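Please keep the sequence and the structure in view while reading.

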Amino acid sequence: MKWPTRKTWPFIGLTAIAVVIAFPPTGEQGKAAAKVNNDLQQSGSASSEPATKLQPAQQERIELERLSQQKNNAVSRKTVANAFSPTSWYVAPPRQQDPSPQPPPIPTAPPLPFTYMGRYEDPPKLLVILAIGNKMYTVSAGEMIDEKYRVDRITDSAVELVYLPLNISQSISTIGVPENAQHR
């Protein structure tokens, strides 16, 4: 093992001083070291400034026990709120009372898709011409159209149809149709 050279001695000394500063002595040795330091300071200050020196009885003593008792009493008297607790500005909407259930609406037949085109008589039957888009139907009383409608009755003023799924009667007016559309 090689012994440290001259260049490393100052480094070792500075390291030792840094350790003592970072971790001061504690326990019985620390108290003794503190007493020696106080004695040195008092003897040095006694020769230069005797009037400013305080006697040990005059120095303030910190009573740590009383501080911890005050802290415990303060905690028991009031609780400290959490400054970082989550807060919400959400307000629940007022609860609406459910209205009494409405009865379902009365079913109705869809509007008639037929257009009255005219009529003619083929003895003994009276025939009516009805159109849906580009489809033409020539029907008489009692006949069915697309399994959804049945021609119930044909009069001079209207054609009465029955919507079969709901058994609802509807009518198409024949009044206002030009004279040449009605053949006899």
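The sections below describe a predicted model.

## Confidence

The structure is a predicted model, not an experimental one. The mean pLDDT of the protein chain is 77, and 67% of its residues reach 70 or more. Over residues 45-52 the pLDDT is below 50, and beyond near neighbours in sequence this stretch has one contact in the model. Where pLDDT is low, the predicted coordinates should not be read in detail.

## The four-stranded sheet

Strands S4, S5, S6 and S7 form an open sheet, in that order, with antiparallel pairing. Which strands stand at the edges? They are S4 (144-145) and S7 (168-173); each has a single partner strand, so one side of each is left without a neighbour in the sheet. Strands of a sheet pair through backbone hydrogen bonds, either parallel or antiparallel.

Taking the pairs in sheet order, S4 and S5 are joined by two bridges, and Met 144 stands opposite Arg 150 in S5. The hairpin of S4 and S5 has three residues between the strands, and Asp 146 there takes a positive phi near 50°. S5 and S6 pair over five bridges, with Arg 153 opposite Glu 160 in S6. These two strands also form a hairpin, again with three residues between them. Strand S6 (residues 158-163) pairs with S7 over six bridges, in the antiparallel sense. In that pairing, Tyr 163 has Ile 168 in S7 as its bridge partner.

## The S1-S2 hairpin

Strand S1 (residues 115-122) and strand S2 (residues 125-132) run antiparallel and are joined by seven bridges. Two residues lie between them in the hairpin. Within this pairing, Gly 118 stands opposite Ile 129 in S2.

## Salt bridges

How many salt bridges does a search of the whole structure find? The search finds two. One is formed by Arg 119 and Asp 156, whose closest N and O atoms are 3.2 Å apart. This pair links distant parts of the chain: Arg 119 belongs to strand S1, Asp 156 belongs to the loop between S5 and S6, and the two are 37 residues apart. Asp 156 counts as exposed because its relative accessibility is 59%, and the exposed class begins over 50%.

The other salt bridge joins the side chains of Glu 160 and Arg 153, at 2.8 Å from N to O. Is Glu 160 buried, partly exposed or exposed? With 21% relative accessibility, Glu 160 counts as partly exposed. Arg 153 is partly exposed as well, with a relative accessible area of 45%.

## Surroundings of Asp 152

Asp 152 lies in strand S5 (residues 149-154). At 39% relative accessibility, this residue counts as partly exposed. Which residues does Asp 152 contact, leaving aside its neighbours within four places in sequence? They are Ala 141, Glu 160, Leu 161 and Val 162. Glu 160, in this list, is also the salt-bridge partner of Arg 153. Asp 152 and Gln 170 are 18 residues apart in sequence, and their C-alpha atoms are 9.5 Å apart in space. In a regular strand the side chains alternate between the two faces of the sheet.

Trp 9 is placed in helix H1 (residues 8-22). Its relative accessibility is 51%, so Trp 9 counts as exposed. Together with Phe 11 and Ile 12, Trp 9 makes a nonpolar surface patch of about 370 Å².

Gly 176 is found in the segment after S7. A relative accessible area of 71% makes Gly 176 exposed. Gly 176 and Ser 157 are 19 residues apart in sequence, with a C-alpha to C-alpha distance of 9.2 Å.

Technical notes:
Residues numbered from 1 in each chain as written. Predicted model: local features only at pLDDT ≥ 70, side-chain atom pairs only at ≥ 80, totals over all residues. Heavy atoms only, no water. Patch = residues over 30% accessible without salt bridge, like charges linked within 9 Å, V, L, I, M, F, W, Y side chains within 5 Å. Areas by Shrake-Rupley, 256 points an atom, 1.4 Å probe, with all protein chains shown as cover. Salt bridge = Lys/Arg side-chain N within 4 Å of Asp/Glu carboxyl O. Buried < 20%, exposed > 50% of the residue type's maximum accessible area, 1.4 Å probe, protein only. Contact = heavy atoms within 4.5 Å. pLDDT = per-residue confidence, 0-100. Pairing = 2+ DSSP bridges.
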